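Subject: Structure for you to look at

Hello,

Here is the structure I said I would pass on.

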Amino acid sequence: VRVADATRADTQQLTIVIRAPLTIRLLRLRPAEVGEPFGDLVPIVAGGSGTNVWKLEGALPAGLVFDAQSARITGTPEVAGTFAVKLSVADNEGRSASVALAIRIERRLAIVTRRLIGGRVGRRFVSRVRVGGGVERLRFRVVRGRFPVGIRMNTRTGLIVGRPRTAGVYRFKIRVRDALGVESTRT
């Protein structure tokens, strides 16, 4: 830039810095379950200038902690529920960005069915192994014993159906596993 009047002049080199806006995003908020390590929640920040300062507003569930240096949320949740928090970042030039999170913690996976209904030879039998808690994509499996001939189980829903062909008492052990690998069994 040059400025001049009738008798004097001056020139100065100036720089204009254009920065990208400060943004924050999360790749994916993974499912969580009581008693299982929380999958590291690490935000991705772009733009801005200099050192970032992180802040978390709201209460995390017991067992989870926020590290303001790395912006990581880690730990093993101790209680189930949905926890609303706000994660904010500010740069050294006063720009800021934030993202609202709803951290959902499921109850610990457990088979809640205590006993199955009785059936009759030749009649349609329908019963279900019910579960509580856990993270979806459940898989059921008989790990000991077997069903009566004519009865089968849907490994995705826990529904037991068919027409039993022989009378008797049948004992079996069922295991269910959720998307996090948590298992529960019941005889």
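Arginine 95 is partly exposed, at 29% relative accessibility. Before going further, please keep in mind that this is a predicted model. Arginine 95 lies in the loop between S9 and S10. Leaving aside residues up to four places away in sequence, arginine 95 is in contact with Arg19, Leu22, Gly48, Ser49, Val89 and Ala90.

The loop holding arginine 95 belongs to the hairpin of S9 and S10, with five residues between the strands. Glycine 94, in this hairpin, has a positive phi near 90°.

**The sheet around S9**

S9 covers residues 81–90 and S10 covers residues 96–106. The two strands run antiparallel and are joined by ten bridges. Two of the facing pairs can be picked out by eye: threonine 82 is opposite arginine 104 in S10, and leucine 87 is opposite valine 99 in S10.

S9 also pairs with S6 (residues 53–57), again in the antiparallel sense, over five bridges. Here lysine 55 is opposite serine 88 in S9.

In which order do the strands of this open sheet stand? The order is S4-S10-S9-S6, four strands with mixed pairing.

As background, strands of a sheet pair through backbone hydrogen bonds, in either the parallel or the antiparallel sense.

**Serine 88**

Is serine 88 buried or exposed? Serine 88 has a relative accessible area of 13%, so it counts as buried, the cut-off being under 20%. Serine 88 sits in strand S9. Not counting residues up to four places away in sequence, serine 88 touches Val53, Trp54, Lys55, Glu57, Ala97 and Ser98. Lys55 in that list is the residue that stands opposite serine 88.

Alanine 71 has a positive phi, near 65°, and is not a glycine. Alanine 71 is found in the loop between strand S7 (64–67) and strand S8 (72–75). With 1% relative accessibility, alanine 71 is buried.

Arginine 137 is not a glycine either, and has a positive phi of about 80°. The residue is in the loop between strand S13 (131–132) and strand S14 (139–145). Arginine 137 is exposed, at 60% relative accessible area.

**The chain as a whole**

The protein chain has 18 strands and zero helices. Its radius of gyration is 29 Å, well over the 16 Å that the globule rule gives for 187 residues, so the chain is more spread out than a compact globule. The C-alpha trace spans about 115 × 30 × 20 Å along its principal axes.

Buried residues make up 31% of the 187 in the chain. The accessible surface is about 12300 Å², and carbon and sulfur atoms account for 49% of it. Of the contacts between residues at least 6 apart in sequence, 58% join residues at least 24 apart.

On charge, there are 34 positive and 14 negative side chains. The centres of these two sets are 23 Å apart.

Regards

Definitions and conventions
Residues numbered from 1 in each chain as written. Predicted model: local features only at pLDDT ≥ 70, side-chain atom pairs only at ≥ 80, totals over all residues. Heavy atoms only, no water. Rg over C-alpha atoms; globule rule 2.2 N^0.38 Å. Buried < 20%, exposed > 50% of the residue type's maximum accessible area, 1.4 Å probe, protein only. Contact = heavy atoms within 4.5 Å. Areas by Shrake-Rupley, 256 points an atom, 1.4 Å probe, with all protein chains shown as cover. Lys, Arg positive; Asp, Glu negative; His and termini not counted. Charge placed at Lys NZ, Arg CZ, Asp CG, Glu CD. Pairing = 2+ DSSP bridges.
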